[in-house]
Structures are given as C-alpha cells and as structure tokens.
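Please read the points below with the structure open beside you.

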Amino acid sequence: ALAVAVAVLAYPTPPTGEKVPFVETFNDDNWIDRWTISRVTKFSGVWEVKEPGVEPVGIQGDKGLMATNAAQHHAIAHAFKNYQVENSDKELFVQYEVRLTDGLECGGAYLKLLRKDSMPVDMKEFNNDTPYSIMFGPDKCGSTNKVHLIFNHQNPITKKWEEKHLKDTPRIKEDRLTHLYGFRITTDDKYEIYIDGEKVKDGSMNTDFLPAFTPPKEIDDPTDKKPSDWVDEPKIADPTATKPADWDEDAPAQIPDADAKKPETWLDNEPEMVADPTASKPADWDDEMDGAWEAPQVPNPKCKEFGCGEWKRPMKANPAYKGKWKAPMIDNPKYKGPWKAKQIANPEYFVENFPHKIAPLGGIGIELWTMQKGITFDNIVIAYDKAAVEDWTKQTFMIKKAEESKPKETTPPAATDAPPAATPAPATVKEDLQEMERQHNQNTQTISIFL
C-alpha cells in the first residue's frame, strides 16, 4: 500500500486592498456568480470547479477551474465590478497556477486581460474575438512551445490596434504537476517573466517585441517600382567559355568494377527463393476444392550465406564521368546590386515613450482550444505590488509545490502470527509523463490588427 502525505490546512486569506485589485482562488461555491461561461455556439467545452483528482495531491480540498473536455473550445470570463485595472503610474504583476492533469499535446492554457472599452455588454458573448490588452501564458501544439506575452497596442495616429509579441519566449512546463506563471511590467518599461516563482526572462519593452512599439520613422515608398532594366544577378555564365573537346557528357556516373571477382563459394544455380521447410499443410485444406497445396516461398538461406543466382560485378564510380558541361560563372558586368525602394516618411510614425501603459482592463477571459481534458487554473492574482504577490505565493503555490514533490513512501505489511510467506515485491508506481506525438495543424500566431 502507498502512504501519501497530504497537506491539510486552512486556506490562507487572499490579499486585498488597493495594491491587489483582483484575486481568485475558486475555493467557494459562489465562483459561478463571479464568472460567466460563454454561450457562443463554438464554445461547447464544459467548465467545472473541482479538485484536480490526480496524484500527487498538493493541498487537500484545494479546487481549481478545470476545462473538462478534450478536443473542444472552452471560454469563460470575469468582469470587474465597479473598478478597472490600469497601470499608468505603477507596476503591474499578474500570475496564476496551471496544472495539466492529462498532459498537453496541443492546446493553450493562457489568460486574456480584457480591454475595459470593449467588454461585451453580456459576458455570455465572450469569445476569441473579444479585444484584450494582454495575453499571457503557456501554449503548445506541434513545433509551438512557448509562454506567450502579447500586448495589444493602439497607434494614436491611425487608431489601429496591433499585437506586440515577445520575440524569444520561454518554454512551458510539460509535466502534470502544478506550475506558476507570472509576468511583471514596470514604470520604466521593463518586463519580467516568472515560472514557479523564479525569473526566467526579462528585458526592455522597447527592444524585445515585434513589431516594435515605436514604428519605423521611414518606410518603403509603395509607389516605387524596380526599373525593368535593373540587373540584380551578381554572377552570370561566362559567354566566352566553350566545352572542352574531350568532355563526354554521355559517360555514366557508375561502371562495373572490372577488378571484382566472383567468390569461389557463389552458387550460380541455387534459387533465390525456396519452399518454407517449416510450413505444413493446414488440417482443413481440401485438395479437390483448394488445389494442390504448396508451401509458401521464403528467401533461400544459402543465398544469404554464400550468394546465389547470376553473379554481376558490383558498380563503382566512373573516373571518366564529368556530367553535363556548364560554363563557369563570372562577375556580371551589368550588376547594380539589390534593388531597394526609396524611403519616405512613415505616415503612421510616432514615438511610444511609455509602452508599459496598457489600455485599462475591465476583466479576465480564458478562451482556449485543447486536445486534452483537465487543464486546471487556480489562484489568479492581479496586483500593483510584487511583494504582496510573493507573500501570497509562499502561502499557496510553494506549499502545494512542496507537497506534490514529496516522494511516495511504501507502507510495510502488518505483522501476523502466520508463518512467513513469499510476498511479491511492492508494485512500482510510475508517473506516465511521456506524450505520444500527434500530427496537428500547427497553431501559428499571426499579428492581427483590430480597427
């Protein structure tokens, strides 16, 4: 039998106040009053708040929001009531827990922080097209394996919204334990990404995102065209070269090896296939109905050992082979270099001095497609204070992580008065963390522009 120690504790009181505008633990029955499941037809996946239901157990009784269906679209959202989240003059820290109870071959486990000015009138209409300010979290499918950090940013000149993607993203945690994902942006336009409480990436919002928050000052003139006589081939075939008189284009690439000799043990008259000596006529074979029975043919074992049949010389590279003649390449005297359109002032140019200032947030959405069931979200926090988040992490995730990481112990058998009997070795408990490769269309993240 297996003895598994499980943490049993009163769940800590979530942080509150101006520095922590939002916390969600899913540990009460009123979660359904705070969150709205999308009723858009596409999103047929079912959400439940429940314990993960798999080993190892972290904190006994701790519940999370679980996407319960495989190969389904899921969507659910929470609208902030009577307040908004904005960070014009303060840092922003967002983090949450994810547990992939059934692994992840193809699917997302990210959050969308929704734009206040574009929230659905009825949250039941929340869907993949609902505008967001920030998208953050793990995503894996095919060759995609990344922790997204995407800002939806508005050009003040054109009023267009454009996604800004972090260029070099961390990889996700692919095991079936609980993991903590978080990001922080500061008033000096720096960003940080955390996994399991450890910083895994940081940098400048001015340099690490594509497209850049500040667009280029100049762009190619869309009306400029390459002249028809522009030569951009740096090399050409030498027009003065001629094929040498002794160049034989018809010579084969390989020829029989004249030096090769047939092995003395070679069996010229031995057939390559013979009747299977181990085969026997089936008991239900009827010669009158089925014809004369013949054993199936199998490769002749003598051929494998000695070689048999007609012997042919092996082929070797032809020293006279030159292939099709081609004139040597020389510098092109008419070469002008690569053609480039002339540059003009970018009519959409502006300088973004404060990329950290996001569009105010009006809620949180989880909208995903997954090929695996059991993706579980928990302990979502939005804060203006890193220290408050770190303190909450110590009281929740760090305890859960420690419990899930404990080795399982084997309970010794109870003593009896009966004479000792041979007992089988205790069963080995294994975590099946290997995922089968599957062919899915790769989810590619494209840059979208919202008008």
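1. In which strand is the place of Asn145? Bearing in mind that this is a predicted model, one finds Asn145 in strand E11, which covers residues 144-154.

2. Is Asn145 buried or exposed? Asn145 counts as buried because its relative accessibility is 11%, and the cut-off for being buried is under 20%.

3. As for the neighbours of Asn145, its side chain is joined to the side chain of Glu174 by a polar contact of 2.9 Å. Glu174 is also one of the residues that Asn145 touches when those up to four places away in sequence are not counted, and the others are Asp139, Lys140, Pro170, Arg171 and Ile172.

4. Turning to the whole protein chain, there are 5 helices and 28 strands, and 38% of the 451 residues count as buried.

5. Helix H5, made of residues 397-405, has Phe397, Lys400, Glu403 and Glu404 among its buried residues. These residues lie on the same side of H5, because the arc they cover around the axis is only 130 degrees. In general, an α-helix has 3.6 residues a turn, so residues three or four places apart point the same way.

6. What covers the buried residues of H5? The cover includes helix H4 (386-395) together with the strands E7 (92-100), E13 (178-185) and E26 (375-383).

Note on methods:
Residues numbered from 1 in each chain as written. Predicted model: local features only at pLDDT ≥ 70, side-chain atom pairs only at ≥ 80, totals over all residues. Heavy atoms only, no water. Helix = DSSP H or I, 4+ residues; strand = E, 2+ residues; numbered from the N terminus. Buried < 20%, exposed > 50% of the residue type's maximum accessible area, 1.4 Å probe, protein only. Polar contact = N/O pair within 3.5 Å; in protein donor to acceptor, adjacent residues only side chain to side chain. Contact = heavy atoms within 4.5 Å. Arc of directions from axis to C-beta.
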